[in-house]
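User: I would like to learn how to read the features of a protein model, one at a time. Please give the general idea first and then the case at hand.

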Amino acid sequence: MKIVQQNIAPNQPGSVKILLEEHDDLWLAYNIIAKGDTIVTDTTRKVAHTRRSSDIDQNDGSRLKKSSSRKDLSRLRIKLEIKITQVDYERDSSVLRVRGRSLVANELMAPGSYHTLEIERNKEFDLTKKVWDSNVIDTLHESENASAADLAVVILQQGMAQVFLVGHRTTLCAKIEASKTGTNKFYEKVFQAFTKHVDFDNGVRCAVIGSPGSIKDEFRAYVLEEAERLKMNSIGDNKSRLLTVNIGNKDSLKEMLKGDEVMGLVKNTKAAMEIKAYKEFWDLLSTDSDRVCYGAKSVEIANEMMAIQTLLIIDDLLKNKEITLRQKYMELVKSVKKAGGKAFVYSPMHVSGEQLAQFTGIAAILRFPLPNLDDT
């Protein structure tokens, strides 16, 4: 989600221009748009045009004219402004629709007429509220950063390279295979993938190159030399953020990010904080199990007791098809934050989100031990 323009403040009227970029953004917008809001966007409507024609027939040597008409349908682009009366989201098809009364008349519609509008990706719309609640503003800004990746990882192995972006979700951006590793031709292909997906000026705070042996150092040197030759200042100016680590025989991102050395290098990234939170949960589960809990019921009871220090939850639960369950988990996240706790929302495509999903998708690190929580 991208916020193109905004003029909002807590407990004040205001508007924001939004561009939805991913399918998940439709769900995030669903949690922001509410009944009573006003939305303005371009849309199309079918318009029927009546066309008349004359046919000339021969009838006993005389000319007889016949008039006929037919309707042609075309689509006309218009600007639609409606006051929302209903918001619907279909999770299975990722479709977001709003319904409401038009506020401005045009050549196709009178003011006050009802219209249904499908909110589309990659098309801007303006959203106006009479009062912007602080929680809604927080959700809006969190949504804007949800898909942003602040950690890039390049794994170099014999005959293969992988480029990952790690944020709320983990994305394999490129996979390069070659018969020989360590050649300029191989480095050139990896460099092209790296520069295509890794942008230090647009969110990425750290890039880690991992390999066994010296390949990582050779590739880092190649990147800096090429960046200087091509005058790619965004790389040259941020060379301190281009780090290397020896990964030995670890060939997966998950194994690589478990290492203390890597976590030490990327400790200030959002991805690292999420990984660290899950690692803390996992360690406590083995060493001090009364300080953690998992499963919806146990976590809810711990929250009622103001015991949650850190909440870990996968976003599949926040996208639950059942509206009541979806709202319940959203309120849980808000409640934990309001009580001073932290909440990490993991994508199933995040390296730690995959593991969290095996523990029902929801878990918590507690402020104090609750030895009888399971019995409760």
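User: Which residues of helix H9 are buried?

Analyst: Please keep in mind that this is a predicted model. A residue counts as buried when its relative accessible area is under 20%. In helix H9, which spans residues 296-304, the buried residues are Ser298, Val299, Ile301, Ala302 and Asn303. The elements covering these buried residues include S13, S14, helix H11 (323-338) and S16. After H9 comes Met306, with a positive phi near 55°.

User: How many bridges join S13 to strand S16?

Analyst: Three bridges join S13 to S16 (residues 362-366), and the two strands run antiparallel. Tyr294 is placed opposite Ala363 in S16.

User: In what order are the strands S8 to S12 arranged?

Analyst: These five strands form an open sheet, again to be read in order of pairing: S10-S9-S8-S11-S12, with mixed pairing. Its edge strands, S10 (170-177) and S12 (242-246), each pair on one side only. S8 (residues 149-157) and S9 (residues 160-167) run antiparallel and are joined by eight bridges, and Gln157 stands opposite Met160 in S9. Helix H3 (residues 184-197) packs on this sheet and touches S8, S9, S10, strand S11 (206-211) and S12, its direction making about 160° with that of S10.

User: Which residues touch the most other members of the largest nonpolar core?

Analyst: A core is read through the contacts among its members. The largest nonpolar core has 65 residues, of which Ile33, Leu96, Val98, Trp132, Leu140 and Leu311 touch the most other members. Strand S4 (residues 62-90) gives the largest share of this core, six residues. Another core, of 28 residues, lies apart from it and has Ile176, Ala193, Val204 and Leu224 among its members.

User: How many salt bridges does a search of the whole structure find?

Analyst: The search finds eleven salt bridges. In one of them, the side chains of Lys17 and Asp126 meet at 3.0 Å, N to O. Since Lys17 lies in strand S2 (residues 14-19) and Asp126 in strand S7 (residues 125-129), the pair ties together parts that are 109 residues apart in sequence.

User: Where do Arg229 and Glu226 lie, and how many residues apart are they?

Analyst: The general idea concerns the helix turn. An α-helix has 3.6 residues a turn, so residues three or four places apart point the same way. Arg229 and Glu226 both lie in helix H4 (residues 215-229), three residues apart, or about one turn of the helix. Their side chains meet in a salt bridge of 2.8 Å, N to O.

User: Is Glu226 buried or exposed?

Analyst: Glu226 counts as buried because its relative accessibility is 15%, whereas Arg229, with a relative accessible area of 55%, is exposed.

Notes:
Residues are numbered from 1 along each chain as its sequence is written. This is a predicted model: local features need pLDDT of at least 70, side-chain atom pairs count only at pLDDT 80 or more; totals for chains, interfaces and linings use all residues. Side-chain values use heavy atoms; hydrogens and water are left out. A nonpolar core is a set of buried Ala, Val, Leu, Ile, Met, Phe, Trp, Tyr and Cys residues joined through side-chain atoms within 4.5 Å. Buried means under 20% relative accessible area, exposed over 50%, partly exposed in between (1.4 Å probe, protein chains only). Helices (H or I, at least four residues) and strands (E, at least two) are DSSP runs, numbered from the N terminus. Two strands pair if DSSP finds at least two bridges between them. Contact means heavy atoms within 4.5 Å. Axes are lines fitted to C-alpha atoms, for helices over the stretch in contact, and angles run from 0 to 180 degrees between N-to-C directions. A salt bridge is a side-chain nitrogen of Lys or Arg within 4 Å of a carboxyl oxygen of Asp or Glu.
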